[in-house]
Each structure stands twice: as C-alpha cells, then as structure tokens.
Amino acid sequence: MRNEIKAKLEEIVVLLNDPEETVLNNELKEKLEKIVALLSNPEDIATEQETKEKLEAIVALVNNVMVDPDIDIEYCIPDVATTSGTCDVSGDPYILVTYVVSEYTRPTRKIRLTNTYLKNTAKAIANLVTFSIEQFKTEIDSVEMG
C-alpha cells in the first residue's frame with residue numbers, strides 16, 4: 001500500500017513540476033481524492049493492481065492472436081497501454097479496432113472493457129475481444145461484398 005500511495009504522490013509532484021503541462025485544479029483534486037480513498041480502503045489497492053495486471057495480460061494476448069494486416073488495433077487503457085492519439089479516458093478502458101477495407105473505407109468499432117468484462121479471466125476476455133474483432137470483420141465483409 002505504501003508503494004502505491006508513493007507512486008500516486010509522485011504523479012502529483014510530476015504534474016506540479018511540469019513547465020509545459022497546464023495542470024487543472026480538477027486533475028490534482030482527482031488524484032488527491034484517489035490517495036485519500038486508498039488510505040480509507042486499503043483493500044482497493046489490491047483490486048486496482050489485479051485489474052492493471054489483467055489488462056496488461058489482455059493486451060499481450062490480443063497482440064499475439066490478432067495478426068491481420070487489414071486490422072489496426074489501438075488501445076486506450078490508461079496506465080497500461082495507450083496507443084491511440086486521442087483517448088477518451090473519462091469512461092471505461094477500450095480497444096479501438098479499424099478494419100482497413102480500402103484507402104477510403106476504414107470502419108471502426110470500439111470494444112469497451114467494462115467491469116462486467118473484467119470479472120472474467122484475462123484469457124477469457126482476450127477470447128471475447130478477438131471474437132468480437134472477427135465478428136466485426138465478417139459484418140463489414142458481408143456489407144462490402146453485398
């Protein structure tokens with residue numbers, strides 16, 4: 001627990017010392033509230049760490065399984081994998097899938113990793129994600145082919 005709180009405080013110090021970062025009061029307030037919440041509920045730290053490890057495993061598994069040149073996968077999972085240039089970090093973490101049909105046709109699908117999803121094992125979630133990607137690809141192919 002001590003290391004987790006130390007890490008959160010270091011994030012705040014970095015924000016305060018960053019000359020190029022415009023720090024919003026709300027951002028600092030949220031980080032401080034998280035620290036207070038962790039001190040009030042130390043059992044949440046274990047849950048947060050387990051979730052982070054599970055998300056890291058999901059990213060690794062999906063990367064290993066999804067090797068398709070027509071599919072671009074971008075992750076928007078704060079503190080784990082953020083490969084998208086424009087992430088909406090206000091909601092659930094998600095995976096953005098783009099199917100490159102042609103130069104001008106690039107349909108996308110956002111796969112949200114909600115709390116319901118995260119109750120499963122990392123392998124089960126990765127299987128659900130890859131299934132969803134394959135289903136998305138099939139749907140687009142059926143529309144494109146007529």
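Predicted model: local features only at pLDDT ≥ 70, side-chain atom pairs only at ≥ 80, totals over all residues.
Trainee: Is Pro69 buried or exposed?

Mentor: Pro69 is exposed, because its relative accessible area is 75%. Pro69 sits in the loop between helix H3 (43-65) and strand E1 (71-77). Helices (H or I, at least four residues) and strands (E, at least two) are DSSP runs, numbered from the N terminus. Pro69 is 30 residues from Tyr99 in sequence, yet their C-alpha atoms are 9.2 Å apart.

Trainee: Where is Ala7 found?

Mentor: Ala7 belongs to helix H1 (residues 2-17). At 32% relative accessible area, Ala7 is partly exposed. Its C-alpha lies 9.9 Å from that of Ile35, 28 residues away in sequence.

Trainee: What is Thr98 in contact with, leaving aside its neighbours within four places in sequence?

Mentor: A contact means heavy atoms within 4.5 Å. Thr98, in strand E3 (residues 94-99), touches Asp70, Ile71, Asp72, Arg106, Pro107 and Thr108 once those neighbours are set aside. Thr98 counts as buried because its relative accessibility is 12%. Across the protein, 45% of the contacts between residues at least 6 apart join residues at least 24 apart.

Trainee: What should helix H4 span, and how far apart are its end C-alpha atoms?

Mentor: The expected span is 1.5 Å times one less than the number of residues. For the 24 residues of H4 that gives 34 Å, and the end C-alpha atoms are 34 Å apart, which agrees.

Trainee: Which residues of H4 are buried?

Mentor: They are Ala122, Ile125, Ala126, Val129, Thr130, Ser132, Ile133, Phe136, Lys137 and Ile140. Keep the helix geometry in mind as you look at that list. An α-helix has 3.6 residues a turn, so residues three or four places apart point the same way. Take Thr130, which lies in H4 (residues 122-145): it is buried because its relative accessibility is 11%. Beyond its neighbours within four places, Thr130 is in contact with Val65 and Met66.

Trainee: How many salt bridges does a search of the whole structure find?

Mentor: The test asks for a side-chain nitrogen of Lys or Arg within 4 Å of a carboxyl oxygen of Asp or Glu. Here the search finds one. It joins the side chains of Glu139 and Arg109, at 2.7 Å from N to O. The pair links distant parts of the chain, with Glu139 in helix H4 and Arg109 in strand E4 (residues 108-112), 30 residues apart. Glu139 is partly exposed at 34% relative accessibility, and Arg109 is partly exposed at 25%.

Trainee: Which residue lies over the face of Tyr94?

Mentor: For a charge over a ring, NZ of Lys or CZ of Arg must be within 6 Å of the ring centre and within 35 degrees of the ring normal. Lys110 lies over the face of Tyr94, at 4.4 Å from the ring centre.

Technical notes:
Residues numbered from 1 in each chain as written. Heavy atoms only, no water. Buried < 20%, exposed > 50% of the residue type's maximum accessible area, 1.4 Å probe, protein only.
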